[in-house]
Amino acid sequence: MSESSSGEQGTPVLEAKGLWQFYGRVAALRGADFELRAGEILAVIGDNGAGKSSLIKCLSGAAVPDEGEIRLDGKPVKFRTPAAAKAAGIETVYQTLAVAPALDIASNMYLGREIRRAGPLGSVLRFLDVPKMRSQAQQQVKDLGIATLQDITQAVETLSGGQRQAVAVARAAAFGSKVVILDEPTAALGVRESAQVADLIRRLRDNGLPIVLISHDMPVVFDLADRIHIQRLGKRVAVISPKTHSMDDAVAIMTGARAA
């Protein structure tokens, strides 16, 4: 291991030890370890087939590991569904974003967590409190400093790729009380929009929210990450820092051309 992960900086926010994940006879994870510290951006990189997706699925409740342990704030947890992970404060933004294009920004931010009106109108007739959702969504966007989202009533289908990503990240930030996991957040974005999303990710980190960043884009990884988790052949082979290692170092470790 290129950098100590013994918990010197306190109890990890999210930790996994010895995760195994089988699909039939194929082991996607082979005793994988993971450690996310408070107030950091941790990038997860690895070649295709390295087990990145399986690791993230286990951490976010989309899959249940066959062996191993996951801890949140030092306490063992078992997420059997994504809803269980969300209830514990872990929000995941997948590459597909999972937005509803026909709905406006505010409705997308509260998708699945809609606020209902007070009294019988909400509890019986299930009317939504649209003004409250729009007001709170507007405040959340403002707090995150997202200048590209000016009109909270704008339909998501009219937004650019970067703006849609900002909506998905803002939604995660609004409800992710512990951890936000971002899967390829700058994929398919232009240089300017990638820079805007990167600024948003930094603001989340600076606001105290630890981030897991899965990305193939090495310049983005080295620009944003405080530490880099390198996954290979179903397990973590190294944790390095952009301050001590180069992109070439990371690629060499990732491909097995160089020992960790």
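1. Four strands form an open sheet in the order β2-β1-β4-β5, and their pairing is antiparallel. The edges are held by β2 (26–36) and β5 (75–77), each of which pairs on one side only. Averaged over the sheet and ignoring direction, neighbouring strands are turned by 30° against each other. The model is a predicted one, and the points below should be read with that in mind.

2. Within this sheet, strand β1 (residues 14–23) and strand β4 (residues 67–72) run antiparallel and are joined by five bridges. As background, strands of a sheet pair through backbone hydrogen bonds, in either the parallel or the antiparallel sense.

3. A parallel pairing is found elsewhere: β6 and strand β7 (residues 179–183) pair in that sense over four bridges. V93 has L182 in β7 as its bridge partner. Strand β6 (residues 90–93) sends I90 and T92 one way, while E91 and V93 point the other way. Both sets of residues are buried, and that includes the glutamate, E91.

4. On the overall fold, the protein has nine helices and 10 strands. Its radius of gyration is 19 Å, close to the 18 Å that the globule rule gives for 260 residues, so the protein is as compact as a globular protein of that length. Along the principal axes, the C-alpha atoms fill a box of roughly 60 × 40 × 35 Å. Of the 260 residues, 47% are buried. If contacts are limited to residues at least 6 apart in sequence, 66% of them join residues at least 24 apart.

5. Which kinds of geometry do the two aromatic pairs have? A pair of aromatic rings is described by the distance of the centres and the angle of the planes. The structure holds two such pairs. In the pair of W20 and F22, the ring centres are 5.8 Å apart and the planes are at 15°, so this pair is stacked; the limit for stacking is under 30 degrees. W20 is partly exposed, with a relative accessible area of 28%, and F22 is also partly exposed, at 33%.

6. The other pair is Y110 with F175: the ring centres are 5.6 Å apart and the planes stand at 85°, so the pair is edge-to-face. This pair links distant parts of the chain, 65 residues apart. Y110 lies in the loop between α3 (105–109) and α4 (120–123), whereas F175 belongs to helix α6 (residues 161–175). Y110 counts as buried because its relative accessibility is 3%, and buried means under 20%. F175 is partly exposed, with a relative accessible area of 24%.

7. F175 has a further neighbour to note. The charged end of R113 sits over the ring of F175, at 4.2 Å from the ring centre. The ring of F175 is thus involved both in the edge-to-face pair with Y110 and in this placement of R113.

8. A last point concerns a proline in a helix. P219 is found in helix α8 (residues 218–224). P219 and S135 are 84 residues apart in sequence, and their C-alpha atoms are 36 Å apart in space.

Terms used. Residues numbered from 1 in each chain as written. Predicted model: local features only at pLDDT ≥ 70, side-chain atom pairs only at ≥ 80, totals over all residues. Heavy atoms only, no water. Phe/Tyr/Trp six-rings, centres within 6.5 Å; stacked < 30°, edge-to-face > 60°. Buried < 20%, exposed > 50% of the residue type's maximum accessible area, 1.4 Å probe, protein only. Helix = DSSP H or I, 4+ residues; strand = E, 2+ residues; numbered from the N terminus. Lys NZ or Arg CZ within 6 Å of the ring centre and 35° of its normal. Pairing = 2+ DSSP bridges. Axes fitted to C-alpha atoms, helices over the stretch in contact; angles between N-to-C directions. Rg over C-alpha atoms; globule rule 2.2 N^0.38 Å. Contact = heavy atoms within 4.5 Å.
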